[in-house]
Amino acid sequence: EKSPPGRRRQKKEDQMKRVIFFLVLLIWVLFCFTQDVSAIGWGKEIESKTFGKNINAEPGNTLVIDLRHADLTVSPGDGSRISVKAVVEVKSSQPGFSKNFLAGTELILEPYRQGARLKLKTPRGESGFWKVFINQHINLSISSRVEVKVPARQSLDIHNKYGEFFRKDFG
């Protein structure tokens, strides 16, 4: 039994409407997933802080770099000084968390054994830090970038548990 021409046309229009609806829905979903959640106002607080330290270094000494969660870039520096710049960024869905985290963050560059030691101390390493998250749903992202410039003939002893290591411009 054949459908009347008007009914076939109606079926095709209905199918086209469904296809268009699902395409629009797909585009909208893809758009939402590619956006930074904070940009569309879902309650993310973003804070960052820049730290800087310098210390004199003797040729042949060792710089011990003790990091836990940072992307590290090491490049040659001028003269006899070790220069460090660190940027820590915290995104959190809990108001005030980012500022408190950064307030408890410290860049340490100090004399150590036969040279110097670099540490980035954050509240994440303190006992009890993770208790904040028990029975709560908190969106949290912490990123740290550390750039170190070392003079010639300086040895490096690098301990970086998580993060990338980049070496620049050493001949």
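The following questions and answers concern a predicted model of one protein chain.

Q: How many helices and strands does the protein chain have?
A: From the N terminus on, the elements run α-β-β-β-β-α-β-β-β-β-β. In this notation the chain comprises two helices and nine strands.

Q: Which strands are the edge strands of the open sheet of five strands?
A: The open sheet has the strand order S1-S4-S7-S3-S9, and its pairing is mixed. An edge strand here pairs on one side only. The edge strands are therefore S1 (45-56) and S9 (165-167).

Q: Which residue in S7 stands opposite Lys-85?
A: Strands of a sheet pair through backbone hydrogen bonds, either parallel or antiparallel. Strand S4 (residues 81-92) and strand S7 (residues 140-150) run antiparallel and are joined by 10 bridges. Opposite Lys-85 stands Glu-147.

Q: What percentage of contacts between residues at least 6 apart in sequence join residues at least 24 apart?
A: Ile-82 touches, among others, Leu-109 and Val-148, where residues up to four places away in sequence are not counted. For the protein chain, among contacts between residues at least 6 apart, the share joining residues at least 24 apart is 82%.

Key: Residues are numbered from 1 along each chain as its sequence is written. This is a predicted model: local features need pLDDT of at least 70, side-chain atom pairs count only at pLDDT 80 or more; totals for chains, interfaces and linings use all residues. Side-chain values use heavy atoms; hydrogens and water are left out. Two strands pair if DSSP finds at least two bridges between them. Helices (H or I, at least four residues) and strands (E, at least two) are DSSP runs, numbered from the N terminus. Contact means heavy atoms within 4.5 Å.
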